[in-house]
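How do helices pack beside one another, and where do charged side chains pair up? The paragraphs below take these two topics in turn.

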Amino acid sequence: MAASSDYTIENMYDVALKPRLLRSLLKEYVPDLKHQFRNPPVLSYVVSAIKTHQLLSESAPLESDEKLIENWTATVDSWVNRVVALASSDTPDKCWAGISLLGVTCQECSRERFLASYSAWFNKLLLHLQSPEDSHFVKVATCASLSDLFTRLNGLPNAKKDGISFSSKLIQPLLKQLNEDKFDAVWEEAVFLLCTILDIFPSSIQRHYDGVEDAIVLRLISGKCSPSMLEKLGYCLALLPKSRGDEDSWLLMMQKIMLSINNLLNDSFQGLEKETIRTEAMRLLLPPGKDPPPPLGGQSLSRETADNKMRPEHLQISRISTLIFCCCKLLTSSYPFQVAIHVLPLIALTKRVLMVDGSSSPGIAYMTTMKQEFLCSELPVLHSHTLDLLSSIVKGLGSQLLPHVGSIIRLLTNYFETSTLPELRIKVYTIMNVLLMSLGVGISAHLTDVIVNNSLIDLDERGTSSVAQQKIYPETTAKTSHKKRKHASTSSSLEEQPDSDVFEVEMCPTVGSLSVKIAALEALEALLAVGGSWRSESWRVNVDHLLLVVTRNASKGGWAKDGRSKLVSEPTTMWGNYQIAALRALLASLLSPGRTRPPHLSQGLEVFRRGSREIGTKVAECCAYALLALEVLIHPRALPFLDVQSTDNKYEVGNKWFSGISDRAANITFHIGTSKKAPDESDSYNDDLYADWMRNSEDSDTVAADHGNDTDKSNQPQATLGDPSSEKLPSLDTTAVKDSKSSKLKEVAPNTVATKIPMDRDEVMAESQLSEETSKHSEEILPSKSETLASISSGKSSFQSSSLVSDGNALNPTGSEVQAEKLVLGAKNNVVSLGSEKFVDSASRKEVAEASDAGFASSLMMNVDRGKELMHESDNESMESIPDIVDVEPDSD
Amino acid sequence: MTEQPELVIASSPTDAGIGCWDLHTGAEHLRYRSCSSPSHGLTCIGGRFLASSQSQPHNTKSSSSGSILYWSWNKPQVEVKSFPAEPINPLVSNGEGTFIAGGGASGDIYLWQVATGKLLKKWQAHYRGVTCLLFNDDQSLLISGSEDGSVRVWSLIMVFDDLLRGKARQPYEYSFSEHSLKVTDVVIGYGGANAIVVSASEDRTCKVWSLSRGKLLRNIVFPTIIDAIALDPGEDVFYAGGRDGKIYIAALNAFANPNNNYGLHILGFLSEQSKAITCLALSMDGGLLISGSEDGMVRVWNTKNHNIARIFRHAKGPVNNIVVVRQQSLLSSRGSVNSQVSSVKRHGVSLAPPLEKYANSTDENDYKAVIGPRNDPDRAVEASYISIQTLNNQILELQRQGSSSASEMEIERLKLDRSRSIQMIQQWEKKFQTLHQFCVTELLDGEQAGNA
């Protein structure tokens, strides 16, 4: 490759291609000084070619030919010369092209080249910013290129000093530009440049702090900015405190903005709110006895802009909105210093605005209908921005908001009741979403009612019947058991409604209502994720069902195709988003643990399976993820203990520390039954599921039969219990048990006694786990429990007790023991249901059940062993809550 | 390595200071002086600095007030001393390090704001002394254990908001009273509302509670009193350190062989014939278990093969607190400590002010939220270059008819063209005249020559 690289190009990745391509670009497309520049759009092609092939990077693989690299360097040299020459051209279009390409060069050229020539380039660009006669087109390009130059400079380690001195040189002409220029395009780029400098070299603006503030504020309040312009200006103003780099300038900026908002609100809300609210707001912002800060942006706010054609009300509200936007930026931008802000004034401000709905309360100052009308037309915008502020407060303050969260919840709850506009409802849902995510379980209980109530209304697809549904819910929130029954009936009535009724839905709701639905679904999803199991009995059934119905309806007309969205009008994508929001919420409802196995699991799976067939769409992506997540619900698994032998031990310490203790380590004994592995163990060891299946089928007769045998050697209760399973099941470890049988009986003994006690506790636990009816039932059992156990322990034949253990599979004891068996079995059932609730997967349920089976067995066996001497003791044990170790040595040998 | 090293910090009730070791290399860092902490009294505030409540020497007369000390990472001396109204035993801060909660010997819980030292709330939580405190994983609940045997779950929102508390039947979310003796340790698992709480008590049991139901899920009886628990991150097992010197492994989600020798749900134990285990901690990934013992040793166990990986010697007296922290920046490279500190100082984030003894003001407006310094990581990654975008926009504008700035540039260009053309014409004219002159002269000269 090396020898012939000058002439042949191997492929599109070949380094030899790059200088050639660059040269031909220079020759054919880039304008030169002599010829006319007829075709500006061609620059776009030039730039994209440069970016794609990295023509200016001058980075070749190490083994490349030296000549080739020289060639490339020379070509880039000529490129730079051409671009710089163009930038000094007096023809505006060539000059523009040169400046733009210089910006691209700043971004794309090699680090060495940039370091060598950035100051020359800067001076060239600065010249254009200073000269007043350049066209706006050139100025815009200059600002953009300068911004790129500073951005590149930021990445270089030793250029900080230069960067600061450059940017201080730049500020003066830039400010002049801002104050004189009226063109939005120039402003936008100039403000972007300002932001870049504020971000990278903030200290260089320090001296012109007030000037920048004045210029930006003047523009902000002129009421003539485009939304994107407003965003940039707000961002720039919020970045400004960075230049002084201290808390005070931030606080001062915040206070100034808040006071300006306050003054504007006082004007606008005249006649709409009580006088006390105003004085209170003022007191919070400016504690009595303190001097007010200088007004924001010098005097510019009070100065009336003469050329304004807008109504004063409109102008005022738009100014307030803009200033609120600045507040948001101040709260959410990042600063290198720490800031301590008073939270209450911020919350009071949001409260003040959200309380005003345009109704003039009687007894307050007179206001014309005209003014009211204007104000009402502007209020939604104001509310929307205020909700943004609230959202920024929540995001910016995080957990520090906790002392005020209560009042925010009340504010939002009240606001939700009256607010009907889609845009505002969406924002409230979003704030609740953020609150849930940032404050977790603690807040979910307090937001549940409001989210569930409102989303039931918003998601209701039956239109007119919504009032009825509204009525249903308040009853279900009640927590007494009496009402619970009622709740059950309402939920069943919801479910019993014939599907045909529910499916008679208008298929194309308006975009506005659809986006509210999406927000409601997202809020429900967050609620289910965070607090789906936190005291959820009252609402889960309804919400789970609702989400299934909503998702089914959403999918009824087919799934949204991503590709189509570009051709078809907007609602299609909105519909797609709605479907995805519904699917995600349904997934959350299925995954979030409830009292029972999710009732709609199979229907939900069906929906997800259908969705996953829409290959390549967002819907399919979402459904595939849902199926993966739900798989655990279908095939629950409890994984066995870590397998030591097979995992490489990354914590093995091979240094002096370990050798120092190795002597001692040799003496350490470990007693982990499951961690030892017999050499002949079958592969099924790790397959817990398999073991479960196996156990299920063999269990009953195995245990029954073996216990029959075991009674003879009942002096070794542990070993006999261990034996049957280890013989029948390859999955269980035998060595450990045998070990213990032979050598560790002494250690085993106290533990064995202990196993008896947990049994009693497990029962108690089981009862507490049950839903109310069942627990009532088991309460009936409770009093007699101690008797039962006593009777069993005093029971004559161990054969009988083993038949109890084996689920009554074998013989039926007679007389009083029949009753005893029932009771014990009842308790056992409780244990089983306990498992199902605690860990959703049913494998662990089986485990728990089995563990408690074994517990039963051992405890019963123990009782039998110890016979009558222990009878009174076991009596006591079930009553006492302190399980003490029994000192009696249980092993009779 | 960009990851911060994991540090083990340990303290003891005798004045042995706070020991600090790198968990993975075993290197010992600074030993912070003059700390004698009660059990659960050592904590790390948001990874920024260390704090410990102090056990009260019985002989001093000033026993009416307690004390809480702060150490910065890079200085062995106590940096900040606070004197709360009564002796504080357990001390804990939330994950961000914005709030610090202390449990008093009287059963009161104190909640301070770290950044201002302001005592935000104080409430009667238990009838007897609080023994342990912790936040749940989303930091919205506070869980306390007490000498009276109860474990209570508090919602911070309720704690702060009087109206919400007024509406509720009781000030706490749950009160678990199944333990009959002093609660010695409480841990909570992962998973928001679905988390489990495990508590240990002097009644020789550990109890597993469901947070969402507020009910007892499992009761595990140990042969000895359990003083410390550590919950495996995967929550298949938990470790319980007993007074008999053994660390028991108890099953939660793991497959427990019901026929083993140790008791229901107990899988086995780790033991090195040490004295009583007083505290336990796990490394962040759960691979290492760190135990503190009454013999003054800190042992690091490999949780996979149950071998001892390291032993740190802390003191002659007992160790009673172990915390594993991922410390923020300062210690990681000793060389840069100074520059780091100075930058920290400059930005005003040195250690926090002392904690208030009493709630000074009832004015709600006094509460200030402190937004810490943040840096924008994505700013550096995706530095935004704009000239290409601007160029393309301008080209679009050029192509559009009637754009003012585009036409302005066009006019400029045409003006320049015009002036250049005028220049050209003038040149041509001049040349023409010179030529004309030349011709005329030539002609006249020729004629004259001819005539001659």
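In this predicted model, helix α15 (residues 344–355) and helix α17 (residues 402–418) of chain A have axes that come within 11 Å and cross at roughly 10°. Angles under 35 degrees count as roughly parallel, so α15(A) is roughly parallel to α17(A). On the α15(A) side, the contact is made by Leu344(A), Ile347(A), Thr350(A), Lys351(A) and Leu354(A); α17(A) contributes His404(A), Ser407(A), Ile408(A), Leu411(A) and Tyr415(A). By class, this contact has 6 nonpolar, 3 polar and 1 charged residues.

Helix α17(A) also meets helix α19 (residues 441–459) of chain A, where the axes come within 11 Å and cross at roughly 5°. These two helices are therefore roughly parallel as well. The residues from α17(A) include Val405(A) and Phe416(A), and those from α19(A) include Ile443(A) and Leu447(A). This contact has 6 nonpolar, 3 polar and no charged residues.

Next come the charged pairs. Over all chains, the count comes to 25 salt bridges. One of them joins Glu108(A) and Lys51(A), at 3.6 Å from N to O. Glu108(A) lies in helix α4 and Lys51(A) in helix α2, 57 residues apart, so the pair links distant parts of the chain. Glu108(A) counts as buried at 15% relative accessibility, whereas Lys51(A) is partly exposed at 39%.

Arg540(A) and Asp544(A) form another salt bridge, at 3.2 Å. They are 4 residues apart in helix α24 of chain A, which means that about one helical turn separates them. Arg540(A) is buried, with a relative accessible area of 6%, and Asp544(A) is buried at 7%.

Key
Residues numbered from 1 in each chain as written. Chains lettered and ligands numbered in written order. Predicted model: local features only at pLDDT ≥ 70, side-chain atom pairs only at ≥ 80, totals over all residues. Heavy atoms only, no water. Axes fitted to C-alpha atoms, helices over the stretch in contact; angles between N-to-C directions. Parallel < 35°, antiparallel > 145°, perpendicular 65-115°, else oblique. Contact = heavy atoms within 4.5 Å. Nonpolar A, V, L, I, M, F, W, Y, C, P; charged D, E, K, R; others polar. Salt bridge = Lys/Arg side-chain N within 4 Å of Asp/Glu carboxyl O. Buried < 20%, exposed > 50% of the residue type's maximum accessible area, 1.4 Å probe, protein only.
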